[in-house]
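Dear colleague,

I am handing over the structure below, together with some notes on what turned up when it was examined. Please read the notes with the structure open beside them.

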Amino acid sequence: MNFLPRIVLGALACLTASVAAAASYPSKQIELVVAYQPGGGSDNTARAVADEARNHFPQTVFVMNKPGASGSIGWSYVLSGKPDGYKVLLMNPEMLFVPLMGIGKATIDDFQPVARFTDDPSSITVRADAPWNTIEEFIAYAKANPEAVTISNAGNGTIPHLAAAALADSTGATFTHVPYQGSSPAIMGLMAGDVKATTVAYAELRQHVETGKLKTLAVMSAQRLPAIPQVPTFKERGHDLQFSVWRGIGLPKGAPEEVLAAWREVARKVYETPAFQKSLVSQNLTLAWADTPEFTADIARQNEAFKTLMKKLNLKP
């Protein structure tokens with residue numbers, strides 16, 4: 001007779017404890033995990049978020065770098081343990097297609113997007129002394145000289161890698177892909193002359209274009225970039241290629257609603273802080289706020305598009 005009440009009371013006790021734990025969140029330090037090496041755009045974004053979030057949470061938010069396996073080591077690390085909100089992920093688009101290449105076990109479906117802070121389109125950029133001054137000249141050369149054009153990317157399974165592969169598919173050109181451990185090394189490889197081009201986001205190499213060391217031939221965005229209005233989009237040239245590197249934060253699926261709500265509030269406060277925006281802009285990153293509903297919907301749409309594209313391109317790690 002007393003068995004059922006004990007079950008009910010036990011369930012209520014567990015629920016009460018869970019709610020209480022969420023209500024007191026955070027009661028200890030929070031790890032903001034970056035799945036890449038220190039120094040890149042993702043790491044810099046995470047550190048700017050962590051610095052400002054400390055002003056809005058009663059506990060410290062610190063950045064933890066967990067690089068390796070095209071990001072999947074860091075993603076899996078966030079999923080380890082309880083989804084209690086004490087491991088938060090710096091999200092990026094590689095999460096959508098690295099698993100489709102058979103790398104790692106974590107997928108985008110394992111995470112709940114919280115908020116997006118930046119969004120930067122890829123580009124085709126070459127050295128200033130390169131013989132091509134237009135994207136048409138570049139593509140024509142690549143088609144006439146199969147595999148002679150080497151293109152650096154930020155690693156196998158990154159947006160620059162996928163962007164270059166999609167460019168080849170769209171134009172009929174054949175490139176040689178050269179993976180580096182991040183965007184910065186990929187840019188340095190181009191500047192050193194080790195490769196002939198890169199598909200790294202314009203924002204990450206803008207300073208080298210502005211100082212005359214590199215030149216951007218086209219961007220993979222819906223519209224021309226305000227910083228380089230003279231540079232066309234691929235869409236204008238008959239190739240509807242739109243690839244960008246966005247950065248935001250996310251929680252493991254199953255995190256308490258109260259934790260999600262807390263991070264949504266803090267993320268908005270972080271983004272609206274002038275010092276935070278100044279920090280990102282100073283790194284040539286493009287501000288692009290999206291709250292949870294919009295961010296989640298955008299990721300869902302991109303996820304379906306990438307699934308279709310990855311099957312077509314048949315990329316391998």
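**Notes on the structure**

At 23% relative accessibility, Ser 70 counts as partly exposed, a class that lies between buried, under 20% relative accessible area, and exposed, over 50%, with a 1.4 Å probe and protein chains only. Ser 70 is found in the loop between β2 (61-65) and α3 (72-79), and although Ser 70 is not a glycine, its phi is positive, at about 55°. Helices (H or I, at least four residues) and strands (E, at least two) are DSSP runs, numbered from the N terminus.

Please keep in mind that this is a predicted model, in which local features need pLDDT of at least 70 and side-chain atom pairs count only at pLDDT 80 or more, while totals for chains, interfaces and linings use all residues. Residues are numbered from 1 along each chain as its sequence is written, and side-chain values use heavy atoms, with hydrogens and water left out.

Two further backbone features deserve a mention. Asn 284, in the loop between α10 and β11, has a positive phi of about 65° although it is not a glycine. Tyr 25 and Pro 26 are joined by a cis peptide bond with an omega of about -5°, and Pro 26 is found in the loop between α1 (3-23) and β1 (30-34).

Tyr 25 also belongs to an aromatic cluster, which it forms with Phe 57, Tyr 86 and Trp 263. A search of the whole structure finds 12 aromatic pairs; rings of Phe, Tyr and Trp (its six-membered ring) pair if their centres lie within 6.5 Å, and planes under 30 degrees apart count as stacked, over 60 as edge-to-face and the rest as tilted. One of the pairs is that of Trp 246 and Phe 295, which is edge-to-face, with 5.4 Å centre to centre and 90° between the planes. This pair links distant parts of the chain, 49 residues apart, since Trp 246 is in strand β10 (residues 244-252) and Phe 295 in helix α11 (residues 292-313). Trp 246 counts as buried at 1% relative accessibility, and Phe 295 counts as buried at 1% as well.

The pair of Tyr 271 and Trp 289 is tilted, because the ring centres are 5.2 Å apart and the planes are at 35°. Tyr 271 lies in helix α9 (residues 257-272) and Trp 289 in strand β11 (residues 287-290), so the pair ties together parts that are 18 residues apart in sequence. Both Tyr 271 and Trp 289 are buried.

The axes of α9 and helix α10 (residues 274-282) come within 5 Å and cross at roughly 70°, where axes are lines fitted to C-alpha atoms, for helices over the stretch in contact, and angles run from 0 to 180 degrees between N-to-C directions. The two helices α9 and α10 are therefore roughly perpendicular to each other, since angles of 65 to 115 degrees count as such, under 35 as roughly parallel, over 145 as roughly antiparallel and the rest as oblique. Val 270, Tyr 271 and Glu 272 of α9 make the contact with Pro 274, Phe 276 and Gln 277 of α10, contact meaning heavy atoms within 4.5 Å.

Finally, Ile 299 has its place in helix α11 and counts as buried at 4% relative accessibility. Leaving aside neighbours within four places in sequence, Ile 299 is in contact with Met 91, Leu 96, Ile 108, Pro 113 and Trp 246.
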